[in-house]
Amino acid sequence: MLTVTPIGIVRNEIKIPIVRGWGKVVSDLVLDERYTEALDGLEGYSHVVVIFWMDRAGPPKSLKGHVQGRAELPIVGIFARRGPSRPNSIGVTAVPLLSRDKNVLRVQALDAIDGTPLLDIKPYTPAFDKVENARVPEWCTRIYEIEDYL
């Protein structure tokens, strides 16, 4: 059996999911105080990878659909997009680390709403995390260039 225990919670002003503007959102990652010393040394990194549980995302209604529910975008499978409705509602986002105060990390651009449970935090390490010459579909490039997602 799989058991996952949250290590903390996301705190920000976003109460319902948004599609655009995540890049402006500043969040506090409030870890349980017993993990305070586990954060030692993290300040040396510019970015962290945040793994969280999208606890208010419902199960997928179907395995395929229009990206963002928009008819002008292609129909793709749920594993070909980053929406919250998934078989396991795990979210993963690399974000800038703005500061640390004891057991609280301040980050920017985390696409998680207030109260979201934190599962893990890892330092962003280019040797492991950076992908050279990454390729994405044309529609992905188009929506991220046109709209204010970041």
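These questions and answers look at a few residues of a predicted model.

Residues are numbered from 1 along each chain as its sequence is written.

Q: Which side chain of opposite charge is nearest to arginine 86?
A: Arginine 86 is buried (under 20% relative accessible area; exposed is over 50%, partly exposed in between, with a 1.4 Å probe and protein chains only). Lys and Arg count as positive, Asp and Glu as negative; His and the chain ends are not counted.

Q: Which backbone oxygens does the side chain of arginine 86 reach?
A: Arginine 86 is found in the loop between β5 (75-77) and β6 (90-101). One backbone oxygen lies at 3.2 Å from its side chain, that of isoleucine 78. Another lies at 3.1 Å, that of arginine 81.

Q: Where is leucine 118, and is it buried or exposed?
A: Leucine 118 is in strand β8, residues 117-123. Its relative accessibility is 0%, so leucine 118 counts as buried.

Q: How many Å apart in space are leucine 118 and proline 6, C-alpha to C-alpha?
A: In sequence, leucine 118 and proline 6 are 112 residues apart. Leaving aside neighbours within four places in sequence, leucine 118 is in contact (heavy atoms within 4.5 Å) with residues including Pro6, Leu29 and Phe52. From C-alpha to C-alpha, leucine 118 and proline 6 are apart by 5.3 Å.

Q: Why does valine 92 count as partly exposed?
A: Valine 92 is found in strand β6. Valine 92 counts as partly exposed because its relative accessibility is 42%.

Q: What is phi of lysine 102?
A: Lysine 102 sits in the loop between β6 and β7 (104-108). Lysine 102 is exposed, with a relative accessible area of 61%. Its phi is positive in a residue other than glycine, near 55 degrees.

Q: What is the relative accessible area of asparagine 133?
A: Asparagine 133 lies in the loop between α1 (126-129) and α2 (138-146). Its phi is positive, near 55 degrees. Asparagine 133 is exposed, with a relative accessible area of 77%.

How values were computed
Predicted model: local features only at pLDDT ≥ 70, side-chain atom pairs only at ≥ 80, totals over all residues. Heavy atoms only, no water. Helix = DSSP H or I, 4+ residues; strand = E, 2+ residues; numbered from the N terminus. Salt bridge = Lys/Arg side-chain N within 4 Å of Asp/Glu carboxyl O. Polar contact = N/O pair within 3.5 Å; in protein donor to acceptor, adjacent residues only side chain to side chain.
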